[in-house]
Amino acid sequence: MAGLLLALYWQTFGAWGYDLWQDDNYSHGLLIPFVSLYFIRQRWPDLQGAVKTGYFPALLLLLAGLGLFIIGNVGAELFSQRLSFIVTLYALILLLAGWQVGKILRFPVAILFFAVPLPYILYNAIAFPLKLIASQIAVVIFNIVGMPVLRQGNIIQLPHTTLEVVDACSGIRSLMALITLAFFLASFMHRGLIKRLFILALALPVAVLANAGRVALTGYLTSYDPAWGHGSLHDFAGWAVFALSFVGLAGLSYLLQAARDRDSSSWQEAGQ
């Protein structure tokens, strides 16, 4: 069965890996399969003790996954083909090993969705508004610090330089990675669907605000050294902003968890 799966999807795997390697927006996706394997290894004792019996209703999910693959091939649409592999893989796990094994492996398989690049039509629909929002927030910051500024769309004109907020500075790149990290934070630190969705939703404003701050910081630093606007210094600033974004997201997640624990303690004390 594994051989048939590889034979069916080997071309999909090749194009998928190439896109992850070439596209900086999804380069974190190369690590996702290894992260998935790590969580499978952690669950190995549970897998050994699980009852393994076929779950035949999974045939419907298998047919849906294969149908998605056919649609993707007919339309030459890579996104559907990649999604179909994850759906088909989980359907085979349920079909061959049963619901109990499927429940244990649900999280490691779900992680694989974060390695699937968005279709460019959807990517552009997200990136363009984010560029404008980041530009607008950066202009507000420039006004606060008293620096003259003129904005035309995603072009910011300063007295000493002109900044163009491109896709890399819109927040879309860090947003993709932050959503992946937010998924892990939500899964490990919180219980309940609403709280987990809230942590995932926080990734969007955190990414936008962080990149708007990066644009403003770049404009300010280029007044002292133009090298901050490009090259290694510019890339270093991007990595630093992403690190701060993750720290901020983790901090918000911790505060939410601490508030929940405090409320639980208060209820316990009131009950006593």
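The structure is a predicted model, in which local features need pLDDT of at least 70, side-chain atom pairs count only at pLDDT 80 or more, and totals for chains, interfaces and linings use all residues. Residues are numbered from 1 along each chain as its sequence is written, and side-chain values use heavy atoms, with hydrogens and water left out.

**The chain as a whole**

- The protein chain has 12 helices and 3 strands; helices (H or I, at least four residues) and strands (E, at least two) are DSSP runs numbered from the N terminus.
- Of the 272 residues in the protein chain, 39% are buried, where buried means under 20% relative accessible area, exposed means over 50%, and partly exposed lies in between (1.4 Å probe, protein chains only).
- Among contacts in the protein chain with a separation of 6 or more, 70% join residues 24 or more positions apart; a contact means heavy atoms within 4.5 Å.

**Helix 8 and helix 11**

- Two packed helices are described by the angle between their axes and the distance between the axes.
- The crossing of helix 8 and helix 11 is right-handed, a crossing being right-handed if the near helix is turned clockwise from the far one by less than a right angle, and left-handed if anticlockwise.
- On the helix 8 side, the contact is made by Leu130, Ile133, Ala134, Ile137, Ala138, Ile141 and Phe142.
- On the helix 11 side, the contact is made by Leu204, Val208, Leu209, Ala212, Gly213, Val215, Ala216, Gly219 and Tyr220.
- Gln136 also lies in helix 8 and counts as partly exposed, at 39% relative accessibility.
- Gln136 and Asn154 are 18 residues apart along the chain, and their C-alpha atoms are separated by 8.4 Å.

**Helix 1**

- Helix 1 covers residues 2-22, and its end C-alpha atoms are 28 Å apart, which agrees with the 30 Å that its 21 residues should span at 1.5 Å a residue; the expected span is 1.5 Å times one less than the number of residues.
- Helix 1 bends by about 60 degrees at Tyr9, the bend being the angle between axes fitted to the seven residues ending there and the seven starting there.
- Leu5, Tyr9, Thr12, Trp16 and Leu20 are the buried residues of helix 1.
- These buried residues pack against helix 4 (58-74) and helix 5 (78-97).

**Helix 1 against helix 5**

- The axes of helix 1 and helix 5 come within 10 Å and cross at roughly 130 degrees, and the two helices are therefore oblique to each other.
- The crossing of helix 1 and helix 5 is left-handed.
- Helix 1 makes the contact through Leu5, Tyr9, Thr12, Phe13, Ala15, Trp16 and Asp19.
- Helix 5 makes the contact through Leu78, Gln81, Arg82, Ser84, Phe85, Ile86, Thr88, Leu89 and Leu92.

- Phe85 is found in helix 5 and is buried, with a relative accessible area of 12%.
- Not counting residues up to four places away in sequence, Phe85 touches Leu5, Tyr9, Phe13 and Trp16.
- Ser80 lies in helix 5 and counts as buried at 14% relative accessibility.
- Leaving aside neighbours within four places in sequence, Ser80 is in contact with Leu68 and Gly72.
- Ala76 is found in the loop between helix 4 and helix 5, and counts as exposed at 66% relative accessibility.
- Phi of Ala76 is near 50 degrees, a positive value in a residue other than glycine.

- Arg41 is in helix 2 (residues 32-42) and counts as exposed, at 58% relative accessibility.
- Arg41 and Pro108 are 67 residues apart in sequence, while their C-alpha atoms are 9.9 Å apart in space.
- Ser245 is found in helix 12 (residues 231-271) and is buried, with a relative accessible area of 3%.
- Ser245 touches Leu178, Val206 and Ala210, not counting residues up to four places away in sequence.

Methods. Axes fitted to C-alpha atoms, helices over the stretch in contact; angles between N-to-C directions. Parallel < 35°, antiparallel > 145°, perpendicular 65-115°, else oblique.
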